[in-house]
Amino acid sequence: MASFPEGNKTPSQDGIAATDLTEEEATRYDRQMRLWGIEAQQRMRNATILVVRLKGVATEAIKNMVLAGIGKLIIVDEENVNEEDLGAGFFFRDGDVGLKKLDAAKSRIESLNPLVAVETIMDTSISDSERLDSIIQKVDLVCVTDSSREELLVINTTCRKHHKPFYAGGTYGLIGYIFCDLLTHEYLIPQRSAPQDQPKTVKAAVTYSPLLDALRYSWASLTKRQTKEVNPAIHFAVTALWQFQFIHNTLPNDISQADQLEKISNTLIAEAEVHKQVLTAEPRTLIDSIATTADHEFSPVCAIVGGMLGQDILKALGGREPPIANFFVFDGNVGAGTVCRLNMS
């Protein structure tokens, strides 16, 4: 399960039943426990979260999760800080350029909440299947940011193998996305038949699909109105960038590559059988924009997407509200986002 039933003890990272919160924890988390309850806080407190890649989206998500009081954070990143990271990565300073990202950021992440354990992994061995298996088995949830489609598919498959919830998120210039595969997820919803003066909640469950199945979704079943509501142009902009990256081993970074990106996007739209009265081709203005900006991070877009990513992970851990189901896309050109429900039962 991606969450634990309300009222039950949750396993800690060592497999031991959760104990009561300490006095220090109760004081620090008092306000948020009033919002989502002590049981949800205990689930967060006993969760170990793996975050892969420390860029702008991960920075914002990590801030939210650490401040909320997860138990342990493990971050994997092998890169050095460069000047471009200073714009969206508020854990970095000018003097950090050239240093390992995790060396520069670790103490600043820990300072957000000393009650959260922070572990860093800087070697490249996570790309090895056995190493990946061993890391994922030890965590409760995996979050991969700003990665290629192929890496997302591999890690999502490994998460499914070990029954671990999976999140992915990232930005490409002014657009961004969040995808989640929470296996079979339980959460609480208000009981409609309960009197207004005696509100009650009941459990609901939803079954998620892996990323591979989500990408094979046929849009033909959606009506014209339903298709409009989920803003398919942004969804296919993201998937076209993934395909472009797969072909060229890099993201586009010049207007001269717009034609290639447009061809890929339009092929994906046709194959998915998107309602023809809504979208037959990717808008050229959008193509030109992402062809020149996809390889860059914009702090406001990272803050929105990363903030939503962190909050949704907390929702999944707490089990009190429905998380994203299951592919969120954000369009920074208009400041709005939509959720596409792709191959979920």
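This briefing describes strands, a pocket, aromatic pairs and some backbone features of one predicted model.

Because the model is predicted, local features need pLDDT of at least 70 and side-chain atom pairs count only at pLDDT 80 or more, while totals for chains, interfaces and linings use all residues. Residues are numbered from 1 along each chain as its sequence is written, and side-chain values use heavy atoms, with hydrogens and water left out. Helices (H or I, at least four residues) and strands (E, at least two) are DSSP runs, numbered from the N terminus.

**The largest pocket**

- The largest pocket has a volume of about 590 Å³, the volume being the space filled by probe spheres set on grid points that are joined across faces, edges and corners.
- On a 1 Å grid over the protein atoms alone, a pocket is an open set of points with protein on both sides within 12 Å along at least five of seven lines, in contrast to a cavity, where a 1.4 Å probe fits but cannot get out; lining residues have an atom within 4 Å of a point.
- Of the 22 residues that line the largest pocket, Lys55, Asp146, Gln245, Leu251 and Asp295 are the closest to its centre.
- Strand 5 (166–172) and helix 11 (232–248) each supply at least two residues of this lining.
- The lining residues divide into four nonpolar, eight polar and 10 charged, where Ala, Val, Leu, Ile, Met, Phe, Trp, Tyr, Cys and Pro count as nonpolar, Asp, Glu, Lys and Arg as charged, and the others, Gly among them, as polar.

**Aromatic pairs**

- The count comes to nine aromatic pairs, on the rule that rings of Phe, Tyr and Trp (its six-membered ring) pair if their centres lie within 6.5 Å, with planes under 30 degrees apart counted as stacked, over 60 as edge-to-face and the rest as tilted.
- The rings of Trp219 and Phe236 have centres 5.3 Å apart and planes at 45°, so this pair is tilted; Trp219 lies in the loop between helix 9 (211–215) and helix 10 (224–229) and Phe236 in helix 11, 17 residues apart.
- Trp219 is buried at 2% relative accessibility, and Phe236 is buried with a relative accessible area of 4%.
- Trp242 and Phe327 form another tilted pair, with ring centres 6.1 Å apart and planes at 55°; Trp242 lies in helix 11 and Phe327 in strand 9 (residues 327–331), so the pair ties together parts that are 85 residues apart in sequence.
- Trp242 counts as buried at 1% relative accessibility, and Phe327 counts as buried at 0%.
- Ring pairs link Phe166, Tyr172, Tyr177, Phe179, Trp242 and Phe327 into a cluster.

**Backbone features**

- Most residues other than glycine have a negative phi, and most peptide bonds are trans.
- A cis peptide bond, with omega about 0°, joins Ala325 and Asn326, and Asn326 is placed in the loop between helix 14 (299–318) and strand 9.
- Arg53, in the loop between strand 1 and helix 4, has a positive phi near 85°.
- Leu183 has a positive phi near 60° and is found in the loop between strand 6 (175–181) and strand 7 (184–190); at 12% relative accessibility, Leu183 counts as buried.

Methods
Buried means under 20% relative accessible area, exposed over 50%, partly exposed in between (1.4 Å probe, protein chains only).
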